[in-house]
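Subject: Structure handover

Hello,

Here is the structure I said I would pass on. My notes on the aromatic pairs and the ligand site follow it.

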Amino acid sequence: MKRLYFILAFTVFGINAFGQKTNDQKASELLSKMTLEEKIGQLVQYSGFEYATGPQNSNSANVLNEIKQGKVGSMLNVAGAQETRKFQELALKSRLKIPLLFGQDVIHGYRTTFPINLGQAASWDLKLIEKSERIAATEASAYGIHWTFAPMVDIARDPRWGRVMEGSGEDTYLGTQIGLARIKGFQGKGLGNLDAIMACAKHFAAYGAAVGGRDYNSVDMSLRQLYETYLPPFKAAAEAGVATFMNSFNDINGIPATANQYILRDLLKGKWNYNGFVVSDWGSIGEMVPHGYAKDNKEAAEKAIIAGSDMDMESRAYMAELPNLVKEGKVDPKLIDDAARRILIKKFEMGLFDDPYRFSDEKRQKEQLNNLENRKFGREFGSKSIVLLKNEKNILPLSRSAKTIALIGPFGKETSANHGFWSVAFKDDNLRIVTQFDGIKNQLDKSATLLYAKGANIDDQDRSMFAEAVETAKKADVVIMTLGEGHDMSGEAKSRSNIRFSGVQEDLLKEIAKTGKPIVLMINAGRPLVFDWAADNIPTIVYTWWLGTEAGNSIADVLFGTVNPGGKLPMTFPRTEGQIPVYYNHYNTGRPAKNNTDRNYVSAYIDLDNDPKFPFGYGLSYTQFKYSDMDLSSINLTGNQTLNISVNVTNTGNYDGEEVVQLYIRDLVGKVVRPVKELKGFQKVFIKKGETKTVTFILTPESLKFYDDELNYDWEGGEFDIMIGTDSQNVQTKRINWKK
Ligand code: GLC
């Protein structure tokens, strides 16, 4: 007990057990010397000009002068040892020499890019995901970056929303686990380490629930739904010590997230006791004027700072308006102090006061460019993100000595597209990308021939290349079609009302199919697409997302069987746009359809089968896995007992492979209706051909908890279905009774 008082005493007086001042104490001391304008300066963030990621409105002259006057706390989109050093030198000319924080969107890799995040989620491999962020942080920090605006942990059930590409899909449990892996990867051994960067949980909150899947659109839902589906990844991130949060553009139940006191101050900084800081999204403070929540930037600034948005990204409202708002007594100066303190503490934690240039190091930067180890990892990660949707005639894996292969489609020789939407567009990047054509060519035997025809453009009505493509296909023994949506057709401000192959790509596919040649269809996309005809008529389909720098090699590794694909869909694939939203963990309703074609007074469409095209958690392998001997430690439990679940998984095919074994539950009766399935666990296991592995899970009452209509988070006794399987539809079920 004495020890506790000892530590408390030190903490209260702002020194730690080693007699050093805490960062909190240092921030307080610095704050005491700062003018109001200097404090407000810490709350200001502007974008650099080279990689602007929003509607640019900075006048470069002002920004540079304001930095020198100590009126800027952070820059985003300034990268590179030299460039960041230049801006830092300006900041060090200010009266108190407070260094800048440099932020950037390090979303799926940095100089080595990795699969887009939805593709990464399809790997269901938390270790690979964490490692990818560790590499991204190492590369970005070598480029002078202190802070990434990631992970994006928005749960999303609507594939019309273009930003599904940067999230982890529709499931709260999977999204939470992946978000935590990302934060661990970015922040590594802790802020202050030279290869650790601040992470940022975004977009707080419920941005993925925009009405109609239309980006920036309103969100309106019960608090219960908010708590049950959208908040858990953020709560987990706060508990895990994520350095920062970013709020979202959308209004939530009528109040813009940027000034939503309930989620920012009452919940995040209050109930969750979060002590990092919140940055607005690009211009989102000023956007409360078009939202109709503020009559002008002054009122927007007042509402945002009171609600708990600490830093103003690019709306210019804070610097312009906060001084007067404080002088007029409309904003308590303590709020400015609190926001500035939160930001200063992070700068101390990052070691920027000890050495403002510690991340701007040309030598480290050179070492990180073209790091072959990172590329090797990227190649592995890409192949593990690919999902095999169909392989009916076992056309895959292809033989390397296949006489003639034709690669046909607009993505075969694309370079930058493979980086996906959220890659920082460094000029020399394309020189290093492995195209799909190159990847396949690299792996073919000398005796084989690889033909190529573009066949169609990504998104226009030009059919003039069809004839050449058909002729090329006729010369081949097997045709690999590479179709989908452009890499810049998903991402921010890229909502689509029609999520099919763009342009005339499907017509091209039909023309090639008429040749009767065996076809392998690769689909490149940042979201679930609708491709009904292809799904029904093409026997072999792989979903290749956008896989990053090593894309072509990752794809070829799967096509030729170096890697047996094991990816599983992190989002439900609808049959058509009209079926959206469709997701696996829906409620049962009072009239559930009995099967895929039941339309008799049930919750169904009269013109569409009920099941999705491909369900959540679905993905095939070149081998087959048989589930058997599912066993529970008990089917009658009471109170805080533990339920042990096991199942045998046998590899009955001809290839070693990885299988993602998924555990779902169903709470059959509740104080509020409960989903027909909830993912509560998964394990990715490698099983050699002919081998059997026993996979076990443990469930406790903690896993059974949910939010009731009064937002109480608890569990109720009763009957539960325990389900284990290879995807959310194909499961084995046992019923238990668990008394409270
Ligand atoms: C964008 C995005 C956000 C990103 C920020 C900085 O508008 O919404 O995710 O981190 O601006 O680029």
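The structure holds 35 aromatic pairs, where rings of Phe, Tyr and Trp (its six-membered ring) pair if their centres lie within 6.5 Å. One of them joins Phe204 and Trp272: the ring centres are 5.9 Å apart and the planes stand at 50 degrees, so the pair is tilted (under 30 degrees counts as stacked, over 60 as edge-to-face, the rest as tilted). Phe204 belongs to strand 5 (residues 200-204) and Trp272 to the loop between helix 11 (261-271) and strand 9 (277-279), so the pair ties together parts 68 residues apart in sequence. Helices (H or I, at least four residues) and strands (E, at least two) are DSSP runs, numbered from the N terminus.

This is a predicted model, in which local features need pLDDT of at least 70 and side-chain atom pairs count only at pLDDT 80 or more, while totals for chains, interfaces and linings use all residues. Residues are numbered from 1 along each chain as its sequence is written, and side-chain values use heavy atoms, with hydrogens and water left out.

Now the ligand. 13 residues surround the ligand (a heavy atom within 4 Å), and the closest are Thr53, Asp105, Arg163, His203 and Asp281. Polar contacts (N or O atoms within 3.5 Å) to oxygen atoms of the ligand come from side chains, including Asp105 at 2.5 Å, Asp281 at 2.6 Å and Lys202 at 2.7 Å. The protein covers 100% of the 310 Å² of accessible area that the ligand has on its own (Shrake-Rupley method, 1.4 Å probe).

Regards

How values were computed: Polar contact = N/O pair within 3.5 Å; in protein donor to acceptor, adjacent residues only side chain to side chain.
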